[in-house]
Amino acid sequence: EVGSLTFTTWLLKEEMKGNITNEMAVVLSSIALACKQISSLVTRAGLAGMTGLAGETNVQGEDQKKLDVISNDIFSECLKNCGRTGTIASEEEDIPVAIDQTYSGDYVVCFDPLDGSSNIDAGISVGSIFGIFEPNEECNLEGKSIVTESTDGDDLDISQQEALLHCCRPGKDLLSAGYVMYSSSTVLVLTVGDGVYGFTLDTLIGDFVLSHHDIKIPESGKIYSFNEGNLKGWDDGLKEYMDFVKDGDKPYSSRYIGSLVGDFHRTMLYGGVYGYPGDVKNKNGKLRLLYECAPMSFLAEQAGGKGSTGKGRVLDIVPEQVHQRCPLFIGSTKEVEIIEKFLS
């Protein structure tokens, strides 16, 4: 079926197997649509003057919206219009948004519309990441501390507070997670809890076509992907690990794009380990739990790999803030376990 099965047909088959509901299929289709639109923008960004920083003005004095802002708008619009999402949380927005025009389904979608966007000017791969939760049946606000980066929760109305609660769920509750990488080709990789599948955008027909059936991360792999420029601030166990990978007759290879989706996609296919540890400045690292660490860890586990904070399983962490960060070590099971030993 590889090469002939479109994403739409695959979704229908998953629905027939009972792996997803019809509503979930609609949500996933709308995410695929958003990513097709973003893909075409990313490809043309250099021509259309959409790279650089938002807030600049062009010759006509119009405010320019840059790609991550535009991508966020596209993602939000597609999810709103599909009528099946009740709450959306974006890395670009300070607080989650409750959606009024939901028709049924009420899914909670957390996403990073364009990860690694600082790489776009250089034509290096960037991506979108998403995770989907079921709606929380009982939304009990009592005894929950709701904190965002800009507010301590006092000035939020009830629907905003509930939207936050919908999103603050551990990764093990995820129903589906995935990413789309915009690179030499546009690749959608996702799981609905029954293995990991990859689809490549065929621009001739304008649809994603199955290209990677049931992806499994190799159990071990001698590639490590860390930004060693930050080494000074890492803890001693990790510094020892960095010596370990360079030792011996066959040292590990180092590969680091600096774009989470690109680095993780390579790790999925070739094995090895990707890491973004905490350091002295950012003790929890820079990656966000809801939009980056949890969806990627769900994918890794579904592909037979592992996602760890160095101290424990990423999917077990219950977020207290919607933009909460956490250290991440992810990839081949054996490689992640080696790091956990060094950090224990």
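## A network of charged side chains

A network of salt bridges links K172, E301, R313 and D316. The model is a predicted one, and it holds 13 salt bridges.

Within this network, the side chains of R313 and D316 meet in a salt bridge with an N to O distance of 2.9 Å. R313 counts as partly exposed, at 35% relative accessibility. D316 is also partly exposed, with a relative accessible area of 35%. The class follows because partly exposed residues fall between the buried limit, under 20%, and the exposed limit, over 50%.

## A pair within helix α1

Helix α1 covers residues 7-17. Two of its residues, E14 and K17, bring their side chains together in a salt bridge of 3.2 Å, N to O. How far apart are E14 and K17 along helix α1? They are three residues apart, so about one helical turn separates them.

The two partners fall into separate accessibility classes. E14 has a relative accessible area of 1% and is therefore buried. K17 has a relative accessible area of 53% and is therefore exposed.

## A pair between a loop and helix α5

Another salt bridge is formed by the side chains of E228 and K246, at 3.0 Å from N to O. E228 lies in the loop between β9 (223-225) and α5, while K246 is in helix α5, so the pair ties together parts that are 18 residues apart in sequence.

Are E228 and K246 buried, partly exposed or exposed? E228 has a relative accessible area of 28%, which means that this residue is partly exposed. K246 is partly exposed as well, with a relative accessible area of 41%.

## Negative charge on the surface

Which residues gather in a patch of negative charge on the surface? They are D235, D236, E240, D243 and D247. One member of the patch, E240, has its place in helix α5, which spans residues 236-246. Helix α5 is also where K246 of the E228 pair is found.

E240 has a relative accessibility of 45%, so this residue counts as partly exposed. Residues of a patch need over 30% relative accessible area and no salt bridge.

Notes:
Residues numbered from 1 in each chain as written. Predicted model: local features only at pLDDT ≥ 70, side-chain atom pairs only at ≥ 80, totals over all residues. Heavy atoms only, no water. Patch = residues over 30% accessible without salt bridge, like charges linked within 9 Å, V, L, I, M, F, W, Y side chains within 5 Å. Areas by Shrake-Rupley, 256 points an atom, 1.4 Å probe, with all protein chains shown as cover. Salt bridge = Lys/Arg side-chain N within 4 Å of Asp/Glu carboxyl O. Lys, Arg positive; Asp, Glu negative; His and termini not counted. Charge placed at Lys NZ, Arg CZ, Asp CG, Glu CD. Helix = DSSP H or I, 4+ residues; strand = E, 2+ residues; numbered from the N terminus. Buried < 20%, exposed > 50% of the residue type's maximum accessible area, 1.4 Å probe, protein only.
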